[in-house]
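Below is a short report on one structure, written for a reader who has the sequence and the model at hand. Please look at both before reading on.

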Amino acid sequence: MAQLKAVVLAAGEGIRLRPLTLYKPKVMIKVANRPILEYVVRALAQNKIKDIVMVVGYRRERIMTYFEDGQKFGVNIEYEVQDKQLGTAHALSLAEGKTGERFLVMPGDNIADAAMIRMLLASDTPNSIAVTESAQPSKYGVVLLKGKKVTKIVEKPESPMGNLISTGLFFLSDKVFEHVRRCAIAGHHDITAVFQDMMASGEELSALKTVAKWSDVVYPWDLLDLNARVLSEGGESTAGTIEKGVHLKGSVQVGEGSVIRSGTYIEGPVRIGRGCDIGPNVCIFPSTCIGDNVTIQSSTEIRESLLMNDVSIGPGCLLSHSVIGDGTRVGAHFVAGADKAQVILERELHEVPSLGVIMGEDTTIGSNVTVDPGIFIGSSCKIASLKNIHRNIPDNSSVV
Amino acid sequence: MCGIVGYIGEKEALPILIESLKRLEYRGYDSAGVSVIDKELMNTKAAGRIIELEKRLTKMPGRLGIAHTRWATHGKPSDDNAHPFLDCKKEMALVHNGIIENYHALREKLESEGHKFTSETDTETLVHLIESNYRGDLKAAVIESLKQVKGSFALAVVHVNEPDKIVVARDESPLVVGLGQGENFVASDVPALLKHTRRVIYLQNKDLAVVTRTGIEVENFSGEPVQREISTVNWSAEDTEKGGYPHFMLKEIYEQPKAIMESFIGRIPGLELEIGGMEKEDFDSIKIVACGTSFHAGLVGKYALEQLTGLPVTVEAASEYRYSGHARDTPLIILISQSGESADTLQAAREARKRGSRTLAISNVVGSSITREVDAVLYTRAGPEIGVAATKTFTTQLIVLYLLGAAMGQARGTMLPHQKAELIDGLRRLPRDVQTVLDNRGAIKLAAEWMSSARDAYFIGRNINYPTALEGALKMKEISYIHAEGLPAGELKHGPNALLSKETPVIAIAVRDHTYDKMISNMGEVSARSAPVLAIGYENDRELRKSSDLSLYVPAVQPLLSPIPVIITLQLLAYHVAAARGCEIDKPRNLAKSVTVE
């Protein structure tokens, strides 16, 4: 029997994660120092699924440069390009002819557990959907069941219908492509329409309820929770140089070529990437993740935050419950404390229990800048010294 | 350059040989051939691409074989001149990389003894020579023959009467043996082996080896056994795949944020670099010797090292170095070679040592020939580069030169603490700054369309961006076949101005350093002669826009580091011009990746 293949959908932009997705697709945002998509690829590899058709689109070079042909991750990746992000069914259609008779479909932008894939494969029933319970079903495709049989799928229902949602993980047969084509002609490019069409023509669709972990990242602050969860899985390893007088507590990982300078206190779980220069006298508290080539100068305190690659943080700063995008540079005495925050996104009010700042890529901040909790600062912004930021700053802005 | 592969084991040899040949395609070639032994000797060759060879192949069973891609030096590309070559009895096949200097004399002698030649090549003399010395022992015949040969070579030879071995030898041309389980491999370069094994032995000059299914025995040319250690290669074969990109060159351009970070990781804190104690030695002058793109990196290195160390630095093309004839040279010679196999640079390394200089190599390939010819090595860590036009290896060579300058500058006390802090900051920002250049590809592509129909183009710059202009022009001519010249901007008025017209775009590098005003006036002079100007400068530079027809912007890094974002812009410009002109980007005509002949 031919090897089972997987189609991974990684073409989307991830608009709701702006400003973090201005220069890269959502799937390439790092959680615990790995792109979200890497968790998907690794989960497939763990299930011995080696052949992946990856549908890419928005800023695809970031994906291709990272994964190349997949060998580093123990898989073979073939890329298909979706130029316009019309919908998941359209993305899937690009894999037609490359999948084999039965295949898996996975979204590239949420962290699927290897156990979930195992369960779907063990069922050995094509036309299966992995479903899970959600506290916020209205953000997803809600699935209604009769026994194991799916009776209806509604994408983002306006009135509450149930709390079982589709995880976007499917086990399908290549007959699905006929339905994809039919729906496309009718102008429907989303997968929900395709499933409805299948059921309407008498095909059976079954649901498998998963108890495995399933984490979607919808809003930027979800990254912090997910990061904390992945970091809690632990692991300790220290490469690089740890100077005398550094205190490491709990699960702390330090990458190759990094220097942790004297007087620094790190309480795990904390992960630090390669080639960083941290300290002296920096305090890092759980659950913090620091990317590669990051500089953190003396007497800065960081709590439960995500710092991406090439970030530079000046001396005497405070960062809590914050996300700092690639290459952003923060001057001395920057303060982004966390508090309960009300964030308006897509005309919807979100109460976030604890949030600092969400900052995009390649932004430069002067010294003595203070930011209110829950503020978003865009990518490629310049903020002068001595500013108090009370409102969101869009991409490419200057605050003088 | 020519590529050699060989296989002996339990599998069918042919598919392995063809696959391995394809992994040497980057070396450049114009014909290919393969020989397999299975009771009898079968031989097929073809001018052109490997695909032409594959079209001619019929089934060739057999678990022993050799194959070759040829890059013409003696004799034009043709079926006859392709390797492998057979002896008169068609019992022996041989492949060769290098040049046999005394082949005329050998050939006359062999022809007078009755040997029939079928080609114009120097290589064919080798197989007849070995035939004339063959008394039932292939190894002995090869040893005897090599005593009569002058020149450079890596060769592999098989004989029907001895189907349990491949005999290989090298002098001055690269050759590696790959070790498998119940099978062994031979190749000119590591990428050919990676699919099968990572355990390799780099043969050294005047090594001869007998490779069998189960082992390898290495001797020198006098027949005395020598020990060669087994190295493990970190690259994966798969690293050499294109991973979704249409060309290796584009893939490699996009890999630069990562490659640059790899090149400085663990080398930045304190900016101290260990180079076998040399970093602390008190040299009074430095010379850099290299070819092609590496030569341009050396020229940038001159400006960087002079600024950071205060020492005078000269740069010479490796192919000319030997003619400069100083009995005593500068106390430190830096040799730059991506592959570590460039024959001219290797020769220069030997010459430099003879002249009593300390030698330091900058290379991308661990264990390559040059690394054994010098006192110390700094690796660029760019990962394998397949596109013939060098991209990420150039920028990582620059990083290594900056790091070297900083380390020497600190040891000499010529680099002040604030300069050090500024350089550390600048280097650490580079991966992101380079990403910004890549994200600007839309504008670069438009500029490429703007100039894609040009026949000639001039690249001008001053100071540290004069070599950037040279390298930008080299990229353009290598892959787009536009005649491109790099010039110091101040030289325009001394001649080249006569060539300017509205048909000749001028690409001017004008970053905000102390030469900026002069560059702006040079651009004015060019415009006055109606030549269109494409300016490359720092972001938010409004004046630049006024002085040019079209402008491209890079992040405002410190001037010392500006060649990096500028050259990446010019690499993308050359790539998109070549793509617009429909050129074969990864394998430009008449060029080879690693030039192992002088």
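## Domains, sheets and helix packing

In chain A, the domain assignment gives domain 1 (5-218) and domain 2 (228-399); such bounds come from an automatic or database domain assignment. This is a predicted model, in which local features need pLDDT of at least 70, side-chain atom pairs count only at pLDDT 80 or more, and totals for chains, interfaces and linings use all residues. Residues are numbered from 1 along each chain as its sequence is written, while chains are lettered from A and ligands numbered from 1 in the order in which they are written.

The centres of domain 1 and domain 2 of chain A, taken over C-alpha atoms, are separated by 32 Å. Between these domains of chain A, 10 residues of domain 1 are in contact with 18 residues of domain 2. Two residues are in contact if their C-beta atoms, placed from the backbone, lie within 7 Å. On the side of domain 1 of chain A that touches domain 2 of chain A, six residues are nonpolar, two polar and two charged. Here Ala, Val, Leu, Ile, Met, Phe, Trp, Tyr, Cys and Pro count as nonpolar, Asp, Glu, Lys and Arg as charged, and the others, Gly among them, as polar.

Chain B is divided into domain 1 (3-239), domain 2 (249-432) and domain 3 (440-598). The C-alpha centres of domain 1 and domain 2 of chain B lie 34 Å apart. In this pair, 11 residues of domain 1 of chain B are in contact with nine residues of domain 2 of chain B. The touching side of domain 1 of chain B has five nonpolar, four polar and two charged residues.

Most residues other than glycine have a negative phi, and most peptide bonds are trans. The peptide bond from A:Arg18 to A:Pro19 is cis, with omega near 5 degrees. A:Pro19 sits in the loop between strand S1 (5-10) and strand S2 (30-31) of chain A. Helices (H or I, at least four residues) and strands (E, at least two) are DSSP runs, numbered from the N terminus. A cis peptide bond, with omega near 5 degrees, also runs from A:Gly279 to A:Pro280. The loop between strand S21 (277-278) and strand S22 (283-284) of chain A holds A:Pro280. A:Asn293 has a positive phi, near 55 degrees, in a residue other than glycine. Its place is in the loop between strand S23 (288-290) and strand S24 (295-296) of chain A.

### Sheets of chain B

Eight strands of chain B form an open sheet with antiparallel pairing, in the order S3-S2-S4-S1-S10-S9-S11-S14. Two strands pair if DSSP finds at least two bridges between them. At the edges are strand S3 (40-47) and strand S14 (231-232) of chain B, each of which pairs on one side only.

An open sheet of five strands of chain B has parallel pairing and the order S16-S15-S17-S18-S19. Strand S16 (313-317) and strand S19 (376-379) of chain B each have a single partner strand, so one side of each is left without a neighbour in the sheet. From one strand to the next, the twist averages 20 degrees.

| Strands of chain B | Pairing | Bridges |
|---|---|---|
| S1 (residues 3-8) and S4 (residues 64-70) | antiparallel | six bridges |
| S17 (residues 332-337) and S18 (residues 358-363) | parallel | six bridges |

In S4(B), B:Ala67 is the bridge partner of B:Val5. B:Leu335 stands opposite B:Ala361 in S18(B).

### Helix packing in chain B

Two packed helices are described by the angle between their axes and the distance between the axes. Axes are lines fitted to C-alpha atoms, for helices over the stretch in contact, and angles run from 0 to 180 degrees between N-to-C directions. Helix H8 (residues 292-309) and helix H14 (residues 465-480) of chain B pack at an angle of about 165 degrees, with their axes 8 Å apart. That makes H8(B) roughly antiparallel to H14(B). Angles under 35 degrees count as roughly parallel, over 145 as roughly antiparallel, 65 to 115 as roughly perpendicular and the rest as oblique. In H8(B), B:Thr293, B:His296, B:Leu299 and B:Val300 meet B:Pro467, B:Thr468, B:Leu470, B:Glu471 and B:Leu474 in H14(B). This contact of H8(B) with H14(B) has five nonpolar, three polar and one charged residues.
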